[in-house]
Amino acid sequence: PVQARLFGLYPKIRYMLHGHVYLEEAPTTHQILPCGALNEVDEIWNVYHDTELSDFRINLRGHGFLAGASTVAKLRELIERLTPRHCPEIHFLPT
């Protein structure tokens, strides 16, 4: 359901990939939400609020990443640098 709603928000995005690792140098959502929670759509919109967006990548605080792109080649480029998941939320906790 999350991806279906995102495809509706971002019509230029044709491909998406979700994984349970983290992407280097990608923004991170603010809330820790369970995987697949529809609130993730709002969290992503808070970071990327341009309906003309043709690609994005974002770490989903608590469980991985989501990347979207207009082409498969661009999607591959967006996810080239995956990092193992070693409790990265520790680095994102507010001080």
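**Figure 1. Glu52 and its salt bridge with Lys12 in the predicted model.** In this predicted model, Glu52 is partly exposed, its relative accessible area being 46%. The side chain of Glu52 meets that of Lys12 in a salt bridge, with an N to O distance of 3.1 Å. Lys12 is likewise partly exposed, at a relative accessible area of 40%. The pair connects distant parts of the chain, 40 residues apart: Glu52 belongs to the loop between helix 2 and strand 3, and Lys12 to the loop between helix 1 and strand 1 (15–19). Side chains of opposite charge can pair when their charged atoms come close. The structure holds two salt bridges; the pair Lys74 and Glu77 is shown in the next view.

**Figure 2. Helix 3, with the salt bridge between Lys74 and Glu77.** The closest N and O atoms of Lys74 and Glu77 are 3.0 Å apart. Both residues lie in helix 3, separated by three residues, about one turn of the helix. Lys74 has a relative accessibility of 24% and therefore counts as partly exposed, and Glu77 is partly exposed with a relative accessible area of 46%. Helix 3 spans residues 72–78 and includes Val72. Val72 is partly exposed, with a relative accessible area of 43%. The C-alpha atom of Val72 is 6.7 Å from that of Tyr15, although the two residues are 57 residues apart along the chain.

**Figure 3. Arg57, a buried charged residue without a salt bridge.** Arg57 is found in strand 3, which comprises residues 55–60. Arg57 is buried and forms no salt bridge. The side chain of Arg57 instead has backbone oxygens within its reach: that of Glu24 at 2.3 Å, and that of Leu78, which lies 2.7 Å from a polar atom of the side chain. Beyond neighbours within four places in sequence, Arg57 is in contact with residues including Leu23, Glu24, Glu25, Ala26 and Pro27. Tyr48, Leu66, Ala67 and Leu78 are also among the contacts of Arg57.

**Figure 4. The largest nonpolar core and the surroundings of Tyr48.** The largest nonpolar core has 13 residues. Those with the most contacts inside this core are Leu6, Tyr10, Ile44, Tyr48, Phe56, Ile58 and Leu66. Helix 1 (2–9), helix 2 (39–47) and strand 3 are the elements that give two or more residues to the core, and strand 3 supplies the largest share, three residues. With neighbours within four places in sequence left aside, Tyr48 is in contact with Tyr10, Pro27, Leu53, Phe56, Arg57 and Ile58. A second, separate core has eight residues, among them Ala67, Leu75, Leu78 and Ile79.

Figure 5. Strand 3 is mostly covered, five of its six residues being buried. Strand 3 pairs with strand 4 (residues 64–69) in the antiparallel sense over six bridges. Within this pairing, Leu60 has Gly64 of strand 4 as its bridge partner, and Asn59 has Phe65 of strand 4. Three residues lie between the strands of the hairpin, where Gly62 takes a positive phi near 110 degrees.

**Figure 6. Strand 4 and its two faces.** Six of the six residues of strand 4 are buried, so the strand is largely enclosed by the rest of the structure. In a regular strand the side chains alternate between the two faces of the sheet. Gly64, Leu66 and Gly68 point one way from strand 4, whereas Phe65, Ala67 and Ala69 point the other way. Of these residues, Leu66 is one of those with the most contacts inside the largest nonpolar core, and Ala67 is included in the second, separate core. Strand 4 also pairs with strand 1 in the antiparallel sense, over five bridges. In that region, Gly19 stands opposite Phe65 of strand 4.

Note on methods: Residues numbered from 1 in each chain as written. Predicted model: local features only at pLDDT ≥ 70, side-chain atom pairs only at ≥ 80, totals over all residues. Heavy atoms only, no water. Helix = DSSP H or I, 4+ residues; strand = E, 2+ residues; numbered from the N terminus. Buried < 20%, exposed > 50% of the residue type's maximum accessible area, 1.4 Å probe, protein only. Lys, Arg positive; Asp, Glu negative; His and termini not counted. Salt bridge = Lys/Arg side-chain N within 4 Å of Asp/Glu carboxyl O. Polar contact = N/O pair within 3.5 Å; in protein donor to acceptor, adjacent residues only side chain to side chain. Contact = heavy atoms within 4.5 Å. Core = buried A, V, L, I, M, F, W, Y, C linked by side-chain atoms within 4.5 Å. Pairing = 2+ DSSP bridges.
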